[in-house]
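Reader: Please take me through the terms used for this model. I would like each one set against its definition.

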Number of protein chains: 2
Amino acid sequence: MTIKKTFISGETDEALEGSVMDSITIDCVIFGFEEGSLEVLLVRHGRGIREGEWGLPGGWIRRDESIDEAAYRLLNDLTGVKNVYLEQLKAFGDPDRFPAGRVITIGYYALVKKEGNRIKAGFTASEARWCKIKEVPGLIYDHNKILNYALEQLQSRVRKEPIGFNLLPSKFTLLQLMQLYEEILGVQMDKPNFRRKFLKMKLLVDQKEKQKDVSHRAAKLYSFDDDVYKRLTQQGFTFEF
Amino acid sequence: MTIKKTFISGETDEALEGSVMDSITIDCVIFGFEEGSLEVLLVRHGRGIREGEWGLPGGWIRRDESIDEAAYRLLNDLTGVKNVYLEQLKAFGDPDRFPAGRVITIGYYALVKKEGNRIKAGFTASEARWCKIKEVPGLIYDHNKILNYALEQLQSRVRKEPIGFNLLPSKFTLLQLMQLYEEILGVQMDKPNFRRKFLKMKLLVDQKEKQKDVSHRAAKLYSFDDDVYKRLTQQGFTFEF
DNA sequence: GCAAAAGTGTTTTTACTACACCCATGC
DNA sequence: GCATGGGTGTAGTAAAAACACTTTTGC
């Protein structure tokens, strides 16, 4: 049984045949954060029965690249962004998850800064759009299942590793950071307590700058520095929220 | 490129050809706990260049079963035990991880109660043995990498879900439970504080029984009941250690 | 002055830690 | 009696939660 190797990517069958692995794909949950809402990047299905329906961006794995490299390549093709946080979720492989044959997919999730970075959805043949996490429609195949798993993983990770910053602009206020945590974890937090808890970690770098053009007292801007985090980690610090 | 579909399992090539998926395998980290030590089940490699070396048990995925089912089947074939805790880790897919061709493997880890359950290592062609986690030798392919990942996952999970019980006899003492946590997490704990913290959760079922034939005061026996946990969870309880 | 968010101070409650100490059992 | 692990009590410390309050800025 040979499966036509196009379903999301716009590359041609001929270019793919033989150069990629059989029966294994990658699907990627790309998270963004804008105006207080967590969002995910969806693409419209190009061909086949499910044409017009939305799904997660995905593609095939080349024979000479690792699965991490494949995920990174696909992500870069779709969004044009580099240096994003990318991590594997796990493999999804129910026998009937893909109608045209037995295909196992390896799920990934990525966190991207949306500041300025307009996604270049036009790179592939498919249309792409950001969708608020609470408004995600029914997706093709088992993509809702993959998305839910990605959300759980994000909720779990964000409390144990300082990865939330990957969704914020490089300079951000403490309130933005708190709202990000509130949105991801689905909880309400106390502003004063959040400030103290985060500042006590000495993890944030004071940018000696303030917000501009806001109709209230301007907040200090901070940034996250991975070197600072590494230094603290070596001193025995463990991030936990 | 066709890869001979035998490397750990003793099944014949002929029986496998066509019935299983290409280029995707499963490898399973099976944890046990005995005499205060965490152990892992290793099998001796049957054929090929690496003959005689040790590795993780693994096998192929049939075209009509899910990957979870495949892992469960392989686990049952090797150990004979059922109703074990089994969870996927992730996919491992460096291009050169498997010398005879491009094969992606999906890692699983299992927790088994060793009480009485002698493993039936003879079921497959390979020899099998339990190995203390601190004495694991160099393994074939990337199996040490998979094992390390499994250990990290176990350490992470055991603090957030009550899964440690799957490694203990169905009736156990609080000290046994504490030693299990000490061994898995690699820390020393305070006995009185451990007792209180665990008992306060109201998660353990008092078996109204005591140890016998011990040369010290006999300890109460407890058991873990999944229904009790579910009930507590519904009431808003979240396990955390 | 008012609204809106920034930022500080303080009190209360809760959880964690580190011990000291008594209990039961086999040898 | 003593070694071994079972089990309880308690004081001190640190963290988390709740909430009142002051500050800055644009309109």
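**Strand pairing, burial and contacts**

Author: In strand 4 of chain A, W60(A) is the bridge partner of T25(A). This is a predicted model: local features need pLDDT of at least 70, side-chain atom pairs count only at pLDDT 80 or more, and totals for chains, interfaces and linings use all residues. Residues are numbered from 1 along each chain as its sequence is written, and chains are lettered from A and ligands numbered from 1 in the order in which they are written.

Reader: What makes strand 1 and strand 4 of chain A a pair?

Author: Two strands pair if DSSP finds at least two bridges between them. Strands (E, at least two residues) and helices (H or I, at least four) are DSSP runs, numbered from the N terminus. Here 4 bridges join strand 1 to strand 4 (residues 58–62) of chain A, and the two run antiparallel.

Reader: Which way do strand 1 and strand 6 of chain A run, parallel or antiparallel?

Author: Parallel, with 8 bridges between them. C28(A) stands opposite Y108(A) in strand 6.

Reader: What do strand 1 and strand 2 of chain A form?

Author: A hairpin, with 2 residues between the strands. E35(A) in the turn has a positive phi of about 50°. The two strands run antiparallel, joined by 4 bridges. F31(A) has V40(A) as its bridge partner in strand 2.

Reader: Why is P57(B) called buried?

Author: A residue is buried if 20 or more other C-beta atoms, placed from the backbone, lie within 10 Å of its own; 12 or fewer make it exposed, and in between it is partly exposed. P57(B) has 26 within 10 Å, so P57(B) is buried. P57(B) lies in the loop between strand 3 (54–55) and strand 4 (58–62) of chain B. The C-alpha atoms of P57(B) and C28(B) are separated by 5.7 Å, though the residues are 29 apart along the chain.

Reader: How do you know that the copies are related as by a two-fold axis?

Author: Copies are superposed by least squares on C-alpha atoms of residues with pLDDT of at least 70 in both. A rotation of 179° with 0.0 Å of shift along its axis superposes chain A on chain B, RMSD 0.1 Å. The copies are thus related as by a two-fold rotation axis. In chain A, the C-alpha of K90(A) is nearest the axis, 2.2 Å from it.

Reader: Why do the copies meet through the same surface?

Author: Residues are in contact if their C-beta atoms, placed from the backbone, lie within 7 Å. By that criterion, 18 residues of chain A contact 18 residues of chain B. Of the interface residues of chain A, 100% are also interface residues in chain B, so the surface is the same.

Note on methods. Contact = placed C-beta atoms within 7 Å.
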